[in-house]
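Try each task yourself before you read its solution.

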Amino acid sequence: MRRLMLLRHAKSDWSRTGARDRDRTLAARGREAAPIVGAYMAQHGLTPDVAKVSTAQRTRQTWELAAPAFHDAVATAYDDRIYEASTATLLTVVRETPVGVHSLLLVGHNPGLQELAQLLIGGGDADARLALLEKFPTAALAVIDFRVDRWSNIEPHGGQLDRFVTPRSLRACAD
């Protein structure tokens, strides 16, 4: 069994005019949401063996704020291919994951993450699937399980959506 977790970067700051897209940092709302998602992951046993993170500043910051929630440090690789990646490129990144990794986290961007999730999900929670199809907001997390023994064996529609959570849904549960 393999578990793929897709985490979209938290809300970024658009106020710095002239800044390159890759250099955008997190907005205050993003700096608040990232640790909440990290805490949720840790509390629900969603600890990745490896996190592959886009090299954009906002994805790096999202992971840096989420990662401290885990008891042990998570192996992290920064991969430039994840920045503005197509679905095909993201699928390649996933399929290249070593066989010893059972749980993989990608921290990236839309539309790539949402399109990858839509490509890979073949079943699972119907309400969560509908929510994911409608929108993959910032700091949202999709958890997809595959009944394969190697990442290279992942195929379109071969995954089951275990859950899809957003910062808004996590705040609603806390209230």
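Predicted model: local features only at pLDDT ≥ 70, side-chain atom pairs only at ≥ 80, totals over all residues.

Residues are numbered from 1 along each chain as its sequence is written, and side-chain values use heavy atoms, with hydrogens and water left out.

**Exercise 1: the overall layout**

Task: Work out how many helices and strands there are in the chain, and which pattern they follow along the sequence.

Solution. Start with the DSSP runs: helices are H or I runs of at least four residues, strands are E runs of at least two, and both are numbered from the N terminus. That gives 6 helices and 7 strands. Now read along the sequence, and you get β-α-β-α-β-α-β-α-β-α-β-β-α. Next, the radius of gyration, taken over C-alpha atoms, goes up against the globule rule, 2.2 Å times the number of residues to the power 0.38. The chain comes out at 15 Å, close to the 16 Å that the rule gives for 175 residues, so it is as compact as a globular protein of that length. Along the principal axes, the C-alpha atoms fill a box of roughly 45 × 35 × 35 Å.

**Exercise 2: burial and contacts**

Task: Find what percentage of the 175 residues is buried, and what share of the contacts joins residues at least 24 apart.

Solution. Set the cut-offs first: buried is under 20% relative accessible area, exposed is over 50%, and partly exposed is in between (1.4 Å probe, protein chains only). With those, 49% of the 175 residues are buried. For contacts (heavy atoms within 4.5 Å), take pairs at least 6 apart in sequence; 75% of these join residues at least 24 apart.

**Exercise 3: strand E1 and its partners**

Task: Is strand E1 mostly covered or open, and in which sense does E1 pair with E6 and with E4?

Solution. Begin with E1 itself, residues 2-8: 7 of its 7 residues are buried. Check the faces next: Arg2, Leu4, Leu6 and Arg8 sit on one side, Arg3, Met5 and Leu7 on the other, and all are buried. Then look for pairing, which takes at least two DSSP bridges between two strands. E1 and E6 (residues 141-146) run antiparallel over 6 bridges, with leucine 7 bridging to leucine 141. E1 and E4 (residues 103-108) pair in the parallel sense, also over 6 bridges, and here arginine 8 has glycine 108 as its bridge partner.

**Exercise 4: arginine 150**

Task: Where is arginine 150, and which residues is it in contact with beyond its neighbours within four places in sequence?

Solution. Arginine 150 is in the loop between E6 and strand E7 (159-165). Its relative accessibility is 43%, so it counts as partly exposed. Skip the neighbours within four places, and its contacts are Arg2 and Val99. Histidine 102 is 48 residues away along the chain, yet the two C-alpha atoms are separated by 8.7 Å.
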